[in-house]
Amino acid sequence: MKNPLKSGLLVMTAAVSMLAMSACGQQTDAAADAGAETISIEHASGTTEVPVNPETVYTFDLGALDSLTALGVEVDGVPEAVYPKSLAQYGDDSYTKIGSMKEPDFEAISEGAPDLIIISGRTAESYGELSKIAPTIDLSVDAAAPVDSFKEVSTTLGQIFDKEAEVDDKLAALDTKIEDTKAAAADAGTGLVLMTSGGEMTAYGAGSRFGIVHDVLGVQPAADVKSEGPHGEAISHEFIAKTNPDHLFVIDRDSAIGESGGEAASAVLDNDLVNGTKAAKNDSITYLDSASWYLVGYGLNNTDAMISAVQAAITK
């Protein structure tokens, strides 16, 4: 005759074992689900497995910072920089400072334990070291194909932060604005983009870091400007007078990086040769937001502002 107490204990033991196995299975499923919440991102420095909707985000790239701001994504760590008005809040001490735009503070970054680090060209040499701390992606925009590259970067951010629809809408609006500006540029004459730094001047043409003016927005170059990488061609006041552009677009590098003591761009260009150009006579010298153009570049909000600045200059 079976012991009813022993039989009951066996039934209870079996039930507990089944519950335990079920719970274990649920935990395994949850772990699998958590593990699935990543995305493989191809970028300028390689391929990285990145968490979807990462909680703690550090970015050295101000274009990406601008885009994330446009998408309502919170960023926790940023470099020490001179921020334009559109990103002025990131100069506040409430945001972790992770080094300069070129030199990461590895200790501060490691202590902050970010879930994602975003870099671009200025910080690309540190990709390997940063990747040891957290998943790191290089979202550099290719100056040779800026719009296509910028769209790819924006789409990548949309995928990581589950903002693909918002990115699509913003890129569509930018496409419309680009086409409107190109139409206006067809009859706007020639343009020359130049940057001042320490009293010296460099010009930038098609295919350069500021090639958006010519390559994307269709302003006819006033001269065949040579450039190598991010650097422009050193020019003189005589060069400006000879090319005689209808429009001058000016970036003050000293102002962009907070360099004091140098001549402001307006003082550098206050010269009889420059004042004799069509651009000067027609009040068509446009001083661009230097931090936005030199430091931020391609971001969803900033690209819109850059296009607006060129559009306003050629239609006034």
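Me: Which residues lie nearest the centre of the largest pocket?
Reply: In this predicted model, the lining of the largest pocket is made up of 42 residues, and helix H2 (62-70), helix H5 (146-160), strand S9 (200-204), helix H9 (253-257) and helix H13 (290-296) are the elements that each give two or more residues to that lining. Nearest the centre of the largest pocket are Gly-121, Arg-122, Arg-209, Pro-230 and Tyr-294.

Me: How much space lies in the largest pocket?
Reply: By class, the lining of the largest pocket divides into 24 nonpolar, 12 polar and 6 charged residues. The space in this pocket comes to about 1,100 Å³.

Me: Which elements give two or more residues to the lining of the second largest pocket?
Reply: The second largest pocket, with a volume of about 230 Å³, is lined by 15 residues, and those closest to its centre are Glu-42, His-43, Glu-152, Val-153 and Thr-156. By class, its lining has 5 nonpolar, 6 polar and 4 charged residues. The elements that give two or more residues to this lining are S1 and H5.

Me: Which residue in S2 does Ile-41 stand opposite?
Reply: Strand S1 (residues 38-43) pairs with strand S2 (residues 46-51) in the antiparallel sense, over 6 bridges, and a hairpin of 2 residues joins S1 to S2. Within this pair of strands, the residue opposite Ile-41 is Thr-48.

Me: What percentage of the residues in the protein chain is buried?
Reply: The protein chain has 14 helices and 13 strands, and its accessible surface is about 15,700 Å², with 50% belonging to carbon and sulfur atoms. Of the 316 residues in the protein chain, the buried share is 42%.

Key: Residues are numbered from 1 along each chain as its sequence is written. This is a predicted model: local features need pLDDT of at least 70, side-chain atom pairs count only at pLDDT 80 or more; totals for chains, interfaces and linings use all residues. Side-chain values use heavy atoms; hydrogens and water are left out. Two strands pair if DSSP finds at least two bridges between them. Helices (H or I, at least four residues) and strands (E, at least two) are DSSP runs, numbered from the N terminus. Buried means under 20% relative accessible area, exposed over 50%, partly exposed in between (1.4 Å probe, protein chains only). Accessible areas come from the Shrake-Rupley method with a 1.4 Å probe; for residues, only the protein chains shown count as cover. On a 1 Å grid over the protein atoms alone, a cavity is a set of points where a 1.4 Å probe fits but cannot get out, and a pocket is an open set with protein on both sides within 12 Å along at least five of seven lines; lining residues have an atom within 4 Å of a point. Grid points are joined across faces, edges and corners, and a volume is the space filled by probe spheres set on the points. Ala, Val, Leu, Ile, Met, Phe, Trp, Tyr, Cys and Pro count as nonpolar, Asp, Glu, Lys and Arg as charged, and the others, Gly among them, as polar.
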